[in-house]
Amino acid sequence: MQGVRHIPTSRYNHRPDGTVISLIVIHYISLPPNCFGGHYVDDLFTGDLDENAHPYFKGLSSFECSSHLFINRKGLITQYVSFDERAWHAGRSSYNGHKECNDYSIGIELEGCLYCAYTNEQYKALKECVNALKKTYPAIGNNLAGHSEVAPGRKQDPGPFFDWSLFR
């Protein structure tokens, strides 16, 4: 994939030995909530979020999370964690009876929120990413899930405005 920004983070660890990457988890994020653009998502995933920059950010600097990829509203892709490493995106989770999705999944964050549609540029970039990842990690197959599917009752993303039929 061309034009991917790389912003490394220390917020990852190694996957368990022998792990086969077999799932992609789709998320949404916006910081502050429902606001798009800016550097706050980068800051969160790299551990550099200034809690004084917005009232919503209080306490978020201790929230250790990361993602493999982030796709903004214009379709720009940022990679924070190598696909071969374990990003901290799904939390307590399971997929098809297999717990701890972070161990065997790739997390992709879309800049969005619960109450808005995603852009055509995001769908285009997401499709390119997923197609490339499926070629590199064939065990992914059709294992594509929303965060809400792997952490039901705890998470809602990518939300009701994510068009799974358009994406697939």
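**Close-up 1. Strand β3 and its bridge partners in the predicted model.** In strand β10, the residue paired by a bridge with Val25 is Ala145, and three bridges in all join β3 to β10 (residues 144–146), the two strands running parallel. The model shown here and in the views that follow is a predicted one. Strand β9 (residues 105–111) is also parallel to β3 and is joined to it by seven bridges, with Ile24 standing opposite Ile106. Six of the seven residues of β3 (residues 23–29) are buried, so this strand is largely enclosed by the rest of the structure.

**Close-up 2. The six-stranded open sheet.** The strands follow one another in the order β1-β5-β4-β9-β3-β10, and their pairing is mixed. Because β1 (5–6) and β10 stand at the edges with a single partner strand each, one side of each is left without a neighbour in the sheet. Within the sheet, β4 pairs with β9 in the parallel sense over three bridges, and Phe70 stands opposite Glu109 of β9. In a regular strand, side chains alternate between the two faces of the sheet.

**Close-up 3. The largest nonpolar core and the surroundings of Ile108.** This core has 23 residues, of which Ile24, Ile106, Ile108 and Leu126 touch the most other members. Two or more residues are given to the core by each of β3, β4 (69–71), β9 and α2 (120–136), and α2 gives the most, with six residues. When neighbours within four places in sequence are left aside, the contacts of Ile108 include Ile24, Val25, Ile26 and His27, together with Leu69, Ile71, Leu126 and Leu133. A second, separate core of 13 residues includes Leu44, Phe45, Phe57 and Ala87.

**Close-up 4. The largest pocket.** The volume of this pocket is about 710 Å³; among the 29 residues that line it, Tyr28, Ile29, Phe63, Lys155 and Asp157 are the closest to its centre. Strand β3 and helix α1 (40–46) each supply at least two residues of the lining, and the largest share, three residues, comes from β3. By class, the lining of the largest pocket divides into 15 nonpolar, nine polar and five charged residues.

**Close-up 5. The second largest pocket.** With a volume of about 160 Å³, the second largest pocket is lined by residues including Arg5, Gly37, Gly38, Val41, Asp42, Phe70 and Glu111. Also in its lining are Asn72, Arg73, Lys74 and Leu76, and the lining as a whole has three nonpolar, three polar and five charged residues.

Close-up 6. Leu31 and Pro32 are joined by a cis peptide bond with an omega of about -15°, and Pro32 is found in the loop between β3 and α1. A cis peptide bond also joins Asp157 and Pro158, here with an omega of about 10°, and Pro158 is placed in the loop between α3 (147–150) and α4 (164–167).

Close-up 7. With a relative accessible area of 23%, Glu100 is partly exposed.

Terms used. Residues are numbered from 1 along each chain as its sequence is written. This is a predicted model: local features need pLDDT of at least 70, side-chain atom pairs count only at pLDDT 80 or more; totals for chains, interfaces and linings use all residues. Side-chain values use heavy atoms; hydrogens and water are left out. Buried means under 20% relative accessible area, exposed over 50%, partly exposed in between (1.4 Å probe, protein chains only). Helices (H or I, at least four residues) and strands (E, at least two) are DSSP runs, numbered from the N terminus. Two strands pair if DSSP finds at least two bridges between them. On a 1 Å grid over the protein atoms alone, a cavity is a set of points where a 1.4 Å probe fits but cannot get out, and a pocket is an open set with protein on both sides within 12 Å along at least five of seven lines; lining residues have an atom within 4 Å of a point. Grid points are joined across faces, edges and corners, and a volume is the space filled by probe spheres set on the points. Ala, Val, Leu, Ile, Met, Phe, Trp, Tyr, Cys and Pro count as nonpolar, Asp, Glu, Lys and Arg as charged, and the others, Gly among them, as polar. A nonpolar core is a set of buried Ala, Val, Leu, Ile, Met, Phe, Trp, Tyr and Cys residues joined through side-chain atoms within 4.5 Å. Contact means heavy atoms within 4.5 Å.
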